[in-house]
Amino acid sequence: LKSRSMLTQILYQTKLIPRLEEALGKFSSRDSAEVIQPVRSTVPLQKHNGFLGLMPTYMENDGVLSTKLVCFYNRGAGSTLPSVSATVLLLDPESGHMKAVMDGEAITNMRTAGASAISAKLLMRHGAEVLAILGTGQQALSHYKAFTEMLSFKEVRVWNHRREGAEKFRRSVGGPVTVCGSVEEAVRGADVIVTVTRSIEPVLCGRWVKPGAHVAAVGACRPDWRELDDSLMKEAVVYADSREGAMAESGDVILSGVEVFAELGDVINGIKPAYREKTTVFKSLGMGVEDAVAANLVYEQWKAKAYKL
């Protein structure tokens, strides 16, 4: 299935976000009848500076079985190849038969942006006005759409290591966006910061982040990759989608030596508090359960449309 246009439509019909929020809560309940999801297994692609990730999920109560095959790459400057390539397989849990094979790019972009927007809804200070986005790739575009759809900001700033990339982003989104010449310029005074870069070294410094800001950190998905410096990580209350995933895969968490205070699902379930008044970091690694509910939603919508024809 070509999932891009269908998932874009249902995101803005506010169907995807509630399902993602429910799925995050189910994952953190650690009920095997709700979600079985091992930590992502990876195969290094050393020759091509990347790795293959396998992300299976089974939701017994919901009757959903899926897996995603995703390749991540640390591309060199000027590369025209994608940094992420993904395919989602949806299966019948009773027979094991394949129900659908989906292009995973739109699912990956939108479920990731959706989870980040949920983190901001739960953790950012009330009255937040300034959003800063670091990076201008597909994840930056999906985060812009999700954040401006779900939340209200008076100003959106963007930075990219190549200014032409930031200018292209500004033109493509259509809304008012300020292009900044440096990371510091983009994040000074920002209430919410999204990091969706290809960086393997810290680009966001804690001394630039105002107290009480919320950071949704999406890039740096390997144990030796980073986007955030020690100062920020140690100052912030750190949340994650998966505690196990963050401790196994997040260089920002592992190399800074900080502890994950809570999963986002713990906040949704009322188990842990949302410290809105403090500086917070949501470390997103992405989870199979997010892919599962997004793919199942696309499949449901496709079936409903097919039956009408």
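Q: Which residues are exposed on the other side of helix α5, and which residues of α5 are buried?
A: In this predicted model, Glu164, Lys168 and Arg171 are exposed on one side of α5. The buried residues of α5 are Gly165, Ala166, Phe169 and Val173.

Q: Why do residues three or four places apart point the same way in an α-helix?
A: An α-helix has 3.6 residues a turn, so residues with that spacing point the same way.

Q: What covers the buried residues of α5?
A: The cover includes strands β6 (130-134), β7 (155-159) and β8 (178-179), together with helix α4. Just after α5, Gly174 takes a positive phi of about 85°.

Q: How are two packed helices described?
A: Two numbers are used: the angle between the axes and the distance between the axes. Here, α4 (residues 138-150) and α5 (residues 163-173) pack at an angle of about 40°, and their axes are 11 Å apart. That angle makes α4 oblique to α5.

Q: Is the crossing of α4 and α5 left-handed or right-handed, and which residues make the contact?
A: The crossing of the two helices is right-handed. On the α4 side, the contact is made by Ala140, Leu141 and Tyr144. On the α5 side, Phe169, Ser172 and Val173 take part. Phe169 and Val173 are also among the buried residues of α5.

Q: Is Glu290 buried or exposed?
A: A residue under 20% relative accessible area counts as buried. Glu290 has 1% relative accessibility, so Glu290 is buried. This residue is found in helix α11 (residues 288-308).

Q: What is Glu290 in contact with, leaving aside its neighbours within four places in sequence?
A: With those neighbours left out, Glu290 is in contact with Leu20, Leu24, Arg111, Ala115 and Asp241.

Q: Where is Ala128, and is this residue buried or exposed?
A: Ala128 lies in the loop between α3 (104-123) and β6. Its relative accessible area is 9%, so Ala128 is buried.

Q: Which residues is Ala128 in contact with, leaving aside its neighbours within four places in sequence?
A: Ala128 is in contact with Ser152, Phe153, Asp191 and Val192, those neighbours aside. Asp191 is 63 residues from Ala128 along the chain, yet their C-alpha atoms are separated by 5.5 Å.

Methods: Residues are numbered from 1 along each chain as its sequence is written. This is a predicted model: local features need pLDDT of at least 70, side-chain atom pairs count only at pLDDT 80 or more; totals for chains, interfaces and linings use all residues. Side-chain values use heavy atoms; hydrogens and water are left out. Axes are lines fitted to C-alpha atoms, for helices over the stretch in contact, and angles run from 0 to 180 degrees between N-to-C directions. Helices (H or I, at least four residues) and strands (E, at least two) are DSSP runs, numbered from the N terminus. Angles under 35 degrees count as roughly parallel, over 145 as roughly antiparallel, 65 to 115 as roughly perpendicular and the rest as oblique. A crossing is left-handed if the near helix is turned anticlockwise from the far one by less than a right angle, and right-handed if clockwise. Contact means heavy atoms within 4.5 Å. Buried means under 20% relative accessible area, exposed over 50%, partly exposed in between (1.4 Å probe, protein chains only).
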